[in-house]
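Work through the exercises below with the structure in view. Try each task before reading its solution.

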Amino acid sequence: MRLGFLSFFGASTLLLSGLLQAETSKTSPSVGSRSASQGRASVSSNLRNNVVKSKSSASTSTGVLSATGVENLYGYLEFRPSYTSYQGEFHTENTAEVGYKLNSTMKTGYVQFFSTNLMNGSNATQGMNLLANDGFLYFKAKDIFKSSDNRLALAYQLRLITPTDSGKYSAGFRGAVRNQFLLSYSYNDFIKSELSYHPIYQGYVKSGRFDSTGTASANSYFDHQFIFNQEIHPAPKFTLYLPVIYQLTSYREFAGAANSGRWRKKVVFWPELDYEINPVHMIGVSFYSGNLSSEYGSGFDFSEGFKNGVTQLVWGINL
């Protein structure tokens, strides 16, 4: 099972450090009891959406869905029970995907993130709080360029992000367009490095919004993201991913908002270790940090970033 992680090592290390290197604050839903759940779900799904953290059957084996021979169709489900120790919060971050393989290098499909929330701090919420988060249509093209030794490769992906997150929709979100350019280099059968760049246009019909406390917040306008990842295979069927994500977000002008017309920095570290049980099932353990960078100033805040990190178990199913 392969996470669709992104990044390139070697020479790209200089670029990463030089840039500081890289699914965005979201509004809460109208139902008060879900506000904490929606807040965490929006942040995590936005992170996965833009970072392409979620794994996909598109990058693994393709299942046959019927005896009539629909070999080019594939599906994927992923469940991530997640725990934020600092907040004492337990939730799940989940993925559903259906896709179609156009040919040996091109695929298209749809991904939907959804979440549940069982515990907000010390108070249990009522019910599962099932929420639809971001979803997107995608087109993937790999091996646009490939070196003669098959080590260096360039891939492209287009995503059309849908307004399925009710909180973001209420805030004026109507869709986003995200391009991904991925350069990868395989040193051998055990180590691969990747560097990717993601320009993302955020389509909001409102410049900003007010949360339940009356605090103003400007909506985002454009994201630049860089992801630097190491994919390592320490043993048969084990895969270790070590991505560092740098995100630079431009916000619209909105009177009274602290982020009005500003650029916000975000740096996240998201290691994950997966084990492929068989061609259908994968399990793993993962952790993603909070923001390790100063949002609007200079420097880093590693202690605060790791304190707000989220620990996850992972179960993926190819359909």
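**Exercise 1: Strand pairing**

Strand S7 (residues 173–186) and strand S8 (residues 191–204) pair in the antiparallel sense over 11 bridges. This is a predicted model.

Task: find what joins S7 to S8, and the bridge partner of Ser186 in S8.

Solution. 
- A hairpin of four residues joins S7 to S8.
- Now take Ser186. The bridge partner of Ser186 in S8 is Lys192.
- Then look at another neighbour of S7. Strand S6 (residues 152–162) pairs with S7 in the antiparallel sense, over 10 bridges.
- Pick one position there. Ala176 in S7 stands opposite Ile161.

**Exercise 2: An aromatic pair**

Task: classify the ring pair of Trp270 and Tyr288 as stacked, edge-to-face or tilted.

Solution. 
- Begin with the whole structure. A search finds 13 aromatic pairs.
- Take the distance. The ring centres of Trp270 and Tyr288 are 4.6 Å apart. Centres must lie within 6.5 Å to pair.
- Take the angle. Planes under 30 degrees apart count as stacked, over 60 as edge-to-face, and the rest as tilted. The planes of Trp270 and Tyr288 stand at 45°, so the pair is tilted.
- Place the residues. Trp270 is in the loop between strand S14 (263–269) and strand S15 (272–276). Tyr288 is in strand S16 (residues 281–288).
- Check the cover. Trp270 and Tyr288 are both buried.

**Exercise 3: Charges over rings**

Task: find which residues lie over the faces of Tyr138 and Tyr169.

Solution. 
- Start at Tyr138. Tyr138 forms one aromatic cluster with Phe113 and Phe136.
- Look over the face of Tyr138. Lys140 lies there, at 4.7 Å from the ring centre.
- Move to Tyr169. Arg174 lies over the face of Tyr169, at 3.7 Å from the ring centre.

**Exercise 4: A nonpolar patch**

Solution. 
- Locate the residue. Leu273 lies in strand S15.
- Apply the cut-offs. Buried means under 20% relative accessible area, and exposed means over 50%.
- Trace the elements. S15, S16 and strand S17 (310–318) each give two or more residues to the nonpolar patch.

Methods
Residues numbered from 1 in each chain as written. Predicted model: local features only at pLDDT ≥ 70, side-chain atom pairs only at ≥ 80, totals over all residues. Heavy atoms only, no water. Phe/Tyr/Trp six-rings, centres within 6.5 Å; stacked < 30°, edge-to-face > 60°. Buried < 20%, exposed > 50% of the residue type's maximum accessible area, 1.4 Å probe, protein only. Lys NZ or Arg CZ within 6 Å of the ring centre and 35° of its normal. Pairing = 2+ DSSP bridges.
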